[in-house]
Amino acid sequence: MKILQKTNDELILLAVKSEMVSKGDYFLIEDTDMKRKLIVQVYNEEYLSNQSIIEDIVKDEIVRATSPGVSYDPLEIGLLSGIVRDSRLFKAKIRGSSIGSDPNMSSDVTWLPSRVNSKIRRLTISELNRILNRSGESPISIGFVDNSQDPFIIYAEDLDGRLNIIAGKKESGKSHLSKLLVKSLLEHGAFILIFDLNNEYTGLGIKTNGSRSNVDSKIVLLEPGKNLRFSLEYCGKPSVSSMLKNSLDMPSTSLREFFRIWDNLDKRHVLTIEALSNAINNWNFNDLVRDALISRFHTIYSSRLFLNDEKNDEYEGLRFEDLISNNVHGLAMIVNMGSLTPTIRHMVVELILNKLVELLVNDVIHPIFLFAEEAHLYIKETYWDDIITRMRHFGIYSTFITNHPEALGEGILRQVDNIFLFNFVNESDLERISKISLVDKDTIKSIVRTLPQRYSLLIGKMVQELPIVVRVPQLDIKTYGETKKFFKKKNPTMLPSK
Ligand SMILES: Nc1ncnc2c1ncn2[C@@H]1O[C@H](COP(=O)(O)OP(=O)(O)OP(=O)(O)O)[C@@H](O)[C@H]1O
Ligand SMILES: [Mg+2]
């Protein structure tokens, strides 16, 4: 491999056919005379193409088509010209440079390595790890870098307190990776909340052979209306207020009246659904407000999210702090949202997030990792910033999983710390996702467009800003989540014999 050109932070390398290079591979370019090194990453490949090579190929084809079988090449020029025609150009971005034996990388890319004397070789995974110079006590084997038997490690500490995104087109393997992260975080004792739209995360507790996995005891499935029900008193005024405002679009006048009733019932220690219903029917306010309150009350009642205490004397409702204190070695709370209507999904999310923030502010629980699948389906646009900034500040660290990059507002793309990118081919999706500021557009667009299924491009703090392509491994758990099909593939052995 040889250097052909350099412009700013980009190199063009020439390679002959025998060299296997994939997009995303790292190379070390060492100029022994200058005692300097460059670390570059290949992000695109193309044929070496100039007018004379193309003319040669065309002429050759014409000769072959018009005089089949005639081939006289005593000097074996054909062999040489074949190698030239198959030569490839690799576009590579310079990711760092170093001087002498200094292991520290700098971003100085202003010098030109020698075209003649520079040695170019592929970086091994251990060399790459040394350059990344990361450390942590909670490793996560995220996958394999091609040509290496050892898994590539990221550290849970680099996801902690951060905003993370998993994005890719449909069925590219996003939820699979998300399950891998959840499982690893659980093994390290983390507390996790998952908004699950496809009822696919419960499989984390079951191995592929049907036996229990090592995290089975740390998983709890919360089903809204069944074991996910709260008492009004536990939810408290702030959570219920957010729910009415953000999920049920309650106008502010009606909200004020609602809280007059709330305060009254609270003072009399009868804060129950039944008492609330009676008060709304009998309270003295104008018809518009009454209608607004009655319609919201019916939604609240039919959601079954709140205890109707008379029938549930013995059950006090869900209390996150109890659930968490009973599972001190880590817990994944999977909220099953697949069967809920959009309004109830919104309500569930509002209630849970607001309650958790309250508990975090009062230091009652540990910080929580939130995994939210397709969050645009249950979080309003105006609310994203709140989750990213305010909630992160209090200790809710989000990972958004989506095949819909448009749903990720510019605010999120600007603030994201880590991103796991799978394949995207659609131009507008690529354009959107390449707006993240962590790495250059060229790299994202070119690598992501051709990423095979189950391969992911890791970007951000977890890889110290050096983008890395990994092959995500299989998991020994039931991953569920497959799309249900009407037509089943026929098993060839089941075909009727003729
Ligand atoms: N690394 C992997 N190894 C083995 N199987 C995988 C891997 N990644 C994904 N799969 C399988 O491929 C299928 C699709 O994966 P997954 O459900 O994670 O995709 P997705 O991107 O979440 O899709 P959707 O957009 O529909 O939610 C699943 O059956 C999953 O088990
Ligand atoms: Mg999915």
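Colleague: How many bridges join β15 to strand β16?

Modeller: Two strands pair when DSSP finds at least two bridges between them; β15 and β16 (residues 455–460) are joined by 4 bridges and run antiparallel. Strands (E, at least two residues) and helices (H or I, at least four) are DSSP runs, numbered from the N terminus. Before we go on, note that this is a predicted model, in which local features need pLDDT of at least 70 and side-chain atom pairs count only at pLDDT 80 or more, while totals for chains, interfaces and linings use all residues. Residues are numbered from 1 along each chain as its sequence is written, and chains are lettered from A and ligands numbered from 1 in the order in which they are written.

Colleague: Thanks! Which residue of β16 is the bridge partner of Phe-420?

Modeller: Leu-458 is the partner of Phe-420 in β16. β15 also pairs with strand β9 (residues 164–167), this time in the parallel sense and over 4 bridges. There, Asn-164 has Asn-418 of β15 as its bridge partner.

Colleague: Which way do the residues of β15 point, and are they buried or exposed?

Modeller: In a regular strand, side chains alternate between the two faces of the sheet. From β15 (residues 418–421), Asn-418 and Phe-420 point one way, while Ile-419 and Leu-421 point the other way.

Colleague: Leu-421 makes me curious about the core. Which residues have the most contacts inside the largest nonpolar core?

Modeller: Nonpolar side chains tend to be buried together in soluble globular proteins. A nonpolar core is a set of buried Ala, Val, Leu, Ile, Met, Phe, Trp, Tyr and Cys residues joined through C-beta atoms within 7 Å. The largest one here has 114 residues, and those with the most contacts inside it are Val-182, Ile-192, Ile-194, Ala-332, Val-335, Val-348 and Leu-421. Helix α10 (residues 342–361) gives the largest share of this core, 9 residues.

Colleague: Let's take one of them. What does Val-335 touch?

Modeller: Contact is read from C-beta atoms, placed from the backbone, that lie within 7 Å. Not counting residues up to four places away in sequence, Val-335 touches Leu-193, Ile-194, Phe-195, Asp-196, Leu-222, Leu-228, Val-348 and Ile-352. Leu-228 turns up again with Glu-223: leaving aside neighbours within four places in sequence, Glu-223 is in contact with Leu-228 and Asn-336. Glu-223 sits in the loop between β11 (219–222) and α5 (232–247), and is partly exposed because 15 other C-beta atoms lie within 10 Å.

Colleague: Now the whole chain. Which domains does the assignment give?

Modeller: Bounds come from an automatic or database domain assignment, and for this chain the assignment gives domain 1 (2–132), domain 2 (139–199 + 209–215 + 327–471) and domain 3 (232–312). The centres of domain 2 and domain 3, taken over C-alpha atoms, are 34 Å apart. Their contact takes 12 residues from domain 2 and 11 residues from domain 3. On the domain 2 side, α10 supplies the largest share, 10 residues.

Colleague: Which residues come nearest to ligand 1?

Modeller: Near means a C-beta atom, placed from the backbone, within 6 Å of the molecule. Of the 16 residues around ligand 1, those that come nearest are Gly-173, Lys-174, Ser-175, His-176 and Val-472. The shell around ligand 1 divides into 2 nonpolar, 9 polar and 5 charged residues (Ala, Val, Leu, Ile, Met, Phe, Trp, Tyr, Cys and Pro count as nonpolar, Asp, Glu, Lys and Arg as charged, the others, Gly among them, as polar).

Colleague: And backbone angles: what phi does Asp-363 have?

Modeller: Most residues other than glycine have a negative phi. Asp-363, although not a glycine, has a positive phi of about 60°. Asp-363 is in the loop between α10 and β13 (368–373), and counts as exposed because 8 other C-beta atoms lie within 10 Å. Arg-454 also has a positive phi, of about 75°, and lies in the loop between α14 (441–449) and β16.

Colleague: Where does Lys-35 take its positive phi?

Modeller: In the hairpin of β3 and β4, which has 4 residues between the strands, Lys-35 takes a phi near 55°. Strand β3 (residues 26–31) and strand β4 (residues 36–47) pair in the antiparallel sense over 6 bridges, and Asp-31 stands opposite Arg-36.

Technical notes:
A residue is buried if 20 or more other C-beta atoms lie within 10 Å of its own, exposed if 12 or fewer, and partly exposed in between; C-beta atoms are placed from the backbone. Two residues are in contact if their C-beta atoms, placed from the backbone, lie within 7 Å.
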